[in-house]
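Hi everyone, thanks for making time for this one. I'd like to walk you through a structure, piece by piece, so please have a look at it with me.

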Amino acid sequence: MSARDWLSQPLRNTVGGATAKALGAMDLVTVGDLLEHHPRRYTEHGQLSDIGSLKVDEQATVLAEVSSVTSRRMRQRRGTVTEVIISDGQHRLVLTFFNQHWRAQQLRKGTRGLFAGTVSVRNGQRQLTHPECLVFGPGATIGSDDPRDADPSSEVERDLMAIEYFTDYLIPIYPATATLPSWRIQKAIGVLLDTMPELPEVLPAEVVEREQLLSRTDAVRLIHRPRSMAEVKEA
């Protein structure tokens, strides 16, 4: 298969049907479409997100630390509500989960992770309701499935993904949706990067040489897997 054919093939051939369907809702249909879906920003592993800059109705992904967790029974209806306060050290954000009391064990005080959802306001406080979670460290879990029901292979995948976020690479934050958080987009792109052939250049060779530009292949790889903002700029 030529590189051009590889770029034009449907995503369902490479990332799986369910992921391809979710990406299709974002008008990302081919391998080339997804590779051109660039991060909107990057986060360093030791740097928490600025929660104070979040806007209401924004689909947000934040790197933050859990400050407190409380669970209580609801008064108006049956069930429980678990409220998790996450912080960037200055500002706070409420994560609200209904009938998921196990979140109190998953999201203990001091836990760090990525949290994705739509920002809303309740009682004067910004919150994410039933956000997707990627928790770093032992027992790390992805998504909203109860970890007690997870199969061993899923647990391994979750731990490996969590470890990946503590490598030398920056964490890319992609434009995402409520059904497809940033780290799942990153995972899909990672599948492509691991099998990517040498891509055809879009600029004349003399321009690339004169301007000392990266090859298209290196530029695509670095825009998605940079180790520094200098590499992002170069890409």
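Predicted model: local features only at pLDDT ≥ 70, side-chain atom pairs only at ≥ 80, totals over all residues.

Helix 6 has 14 residues, and at 1.5 Å a residue it should span 20 Å; the C-alpha atoms at its ends are 21 Å apart, so the two values agree.

Now, which residues of helix 6 are buried? They are S182, W183, I185, Q186, A188, I189, G190, L192 and L193. D194, on the other hand, is exposed, at 56% relative accessible area. Keep D194 in mind, please, as we'll come back to it.

Let me step back for a moment to the chain as a whole. You are looking at nine helices and eight strands. The chain has 235 residues, and buried ones make up 44% of them. If you take the contacts between residues at least 6 apart in sequence, 56% of those join residues at least 24 apart.

Next, salt bridges. Side chains of opposite charge can pair when their charged atoms come close. In this model the count is six salt bridges, and I'd like to show you three of them.

Here is where D194 returns: its side chain meets that of R225 in a salt bridge, at 3.1 Å from N to O. R225 sits in the loop between helix 8 and helix 9, while D194 is in helix 6, so this pair ties together parts that are 31 residues apart in sequence. R225 is partly exposed, with a relative accessible area of 26%.

For another pair, please turn to E83 and R72, whose side chains form a salt bridge at 3.8 Å, N to O. E83 belongs to strand 3 (residues 80-87) and R72 to strand 2 (residues 59-73), and the two are eleven residues apart. Both ends are partly exposed: E83 has a relative accessible area of 22%, and R72 has 44%.

How accessible is E211? At 44% relative accessibility, E211 counts as partly exposed, whereas R210, at 57%, counts as exposed.

V202, L203 and L213 make it, and its area is about 270 Å². L213 itself is partly exposed, with a relative accessible area of 40%.

Let me move to the strands, with a stop at V121 in strand 5 (residues 112-122). Is V121 buried, partly exposed or exposed? With a relative accessibility of 49%, V121 counts as partly exposed. Leaving aside residues up to four places away in sequence, V121 touches V56 and R126. The C-alpha atoms of V121 and L93 are 9.9 Å apart, and these two residues are separated by 28 residues along the chain.

Finally, a word on backbone angles. Most residues other than glycine have a negative phi. Which residues have a positive phi here although they are not glycine? Two to look at are N99, with a phi of about 55°, and H130, with a phi of about 50°. Both sit in loops: N99 is between strand 4 (92-98) and helix 4 (103-106), and H130 is between strand 6 (125-129) and strand 7 (132-135). N99 counts as partly exposed at 48% relative accessibility, and H130 does too, at 35%.

How values were computed: Residues numbered from 1 in each chain as written. Heavy atoms only, no water. Patch = residues over 30% accessible without salt bridge, like charges linked within 9 Å, V, L, I, M, F, W, Y side chains within 5 Å. Areas by Shrake-Rupley, 256 points an atom, 1.4 Å probe, with all protein chains shown as cover. Salt bridge = Lys/Arg side-chain N within 4 Å of Asp/Glu carboxyl O. Buried < 20%, exposed > 50% of the residue type's maximum accessible area, 1.4 Å probe, protein only. Helix = DSSP H or I, 4+ residues; strand = E, 2+ residues; numbered from the N terminus. Expected span 1.5 Å × (residues − 1). Contact = heavy atoms within 4.5 Å.
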